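Me: Could you take me through this model, beginning with the overall make-up and then going residue by residue?

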Amino acid sequence: MAYQKQGKSAEMKRYFQMVLSANPVDYEGNMAMGACSLMQHNPSAAVSYFTKALSMKPRSELGNFGLAYSYSCLGEVGGVRMVQASHL
């Protein structure tokens, strides 16, 4: 993510919001917004974005990791276990 490397997370967020406004079911856009939400210390929003991305690609390892990490940031152990169980 070039924006992240340049410290431009606000620009990245605006860009992917535009992507999702044009296509709310864009997998990459939802994944990027999940990552951006985590960078901006908003794990609740990240859960929503990763969940939406996983509805399109449920076996995405990166998506499942992002979702589990978001739940762990929220202190929701049950959510982390749910994500882990989906890979057994």
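Me: What should I know about the source before we start?
Reply: This is a predicted model, in which local features need pLDDT of at least 70 and side-chain atom pairs count only at pLDDT 80 or more, while totals for chains, interfaces and linings use all residues. Residues are numbered from 1 along each chain as its sequence is written, and side-chain values use heavy atoms, with hydrogens and water left out.

Me: How many helices and strands does the secondary structure come to?
Reply: There are six helices and zero strands. Helices (H or I, at least four residues) and strands (E, at least two) are DSSP runs, numbered from the N terminus. The order of elements from the N terminus is α-α-α-α-α-α.

Me: And what share of the residues is buried?
Reply: Of the 88 residues in the protein, 35% are buried. Buried stands for under 20% relative accessible area, exposed for over 50%, and partly exposed for values in between (1.4 Å probe, protein chains only).

Me: What is the accessible surface of the protein?
Reply: The accessible surface comes to about 5,500 Å², and 57% of it belongs to carbon and sulfur atoms. Such areas come from the Shrake-Rupley method with a 1.4 Å probe; for residues, only the protein chains shown count as cover.

Me: Which residues make up the largest nonpolar core?
Reply: That core has 12 residues: Tyr27, Met31, Leu38, Ala46, Val47, Phe50, Ala53, Leu54, Leu67, Ala68, Tyr71 and Val83. Helix 3 (27-39), helix 4 (43-56) and helix 5 each supply at least two of its residues, and the largest share, five residues, comes from helix 4. A nonpolar core is here a set of buried Ala, Val, Leu, Ile, Met, Phe, Trp, Tyr and Cys residues joined through side-chain atoms within 4.5 Å.

Me: What is in the second core?
Reply: The second core is separate and has six residues, including Met12, Phe16, Ala32 and Met33.

Me: Now helix 3. Why call it largely enclosed?
Reply: Helix 3 is largely enclosed by the rest of the structure because 10 of its 13 residues are buried. Among them are Tyr27, Asn30, Met31, Cys36 and Leu38. The buried residues of helix 3 pack against helix 2 (9-22), helix 4 and helix 5.

Me: Where does asparagine 30 lie, and what is it in contact with?
Reply: Asparagine 30 lies in helix 3, and at 2% relative accessibility asparagine 30 counts as buried. Apart from neighbours within four places in sequence, asparagine 30 is in contact (heavy atoms within 4.5 Å) with Leu20, Pro24, Val25, Tyr49, Lys52, Ala53 and Met56.

Me: What follows in the loop between helix 3 and helix 4?
Reply: Histidine 41 is placed in that loop and counts as exposed, at 71% relative accessibility. Its phi is near 60°, a positive value in a residue other than glycine. Most residues other than glycine have a negative phi.

Me: Moving to helix 5, which of its residues are buried?
Reply: The buried residues of helix 5 are Gly63, Asn64, Gly66, Leu67, Ala68, Ser70 and Tyr71. Glycine 75 follows helix 5 and has a positive phi, near 75°.

Me: Is serine 70 buried or exposed?
Reply: Serine 70 counts as buried, at 0% relative accessibility. Not counting residues up to four places away in sequence, serine 70 touches Leu38, Pro43, Ala46, Val47 and Phe50.

Me: What about leucine 67 and tyrosine 71?
Reply: Leaving aside neighbours within four places in sequence, leucine 67 is in contact with Val47, Phe50, Thr51, Leu54 and Val83. Tyrosine 71 is buried, with a relative accessible area of 14%. Tyrosine 71 and alanine 46 are 25 residues apart in sequence and 8.9 Å apart in space, C-alpha to C-alpha.

Me: And phenylalanine 65, buried or exposed?
Reply: Phenylalanine 65 lies in helix 5 (residues 61-74) and is exposed, with a relative accessible area of 56%.
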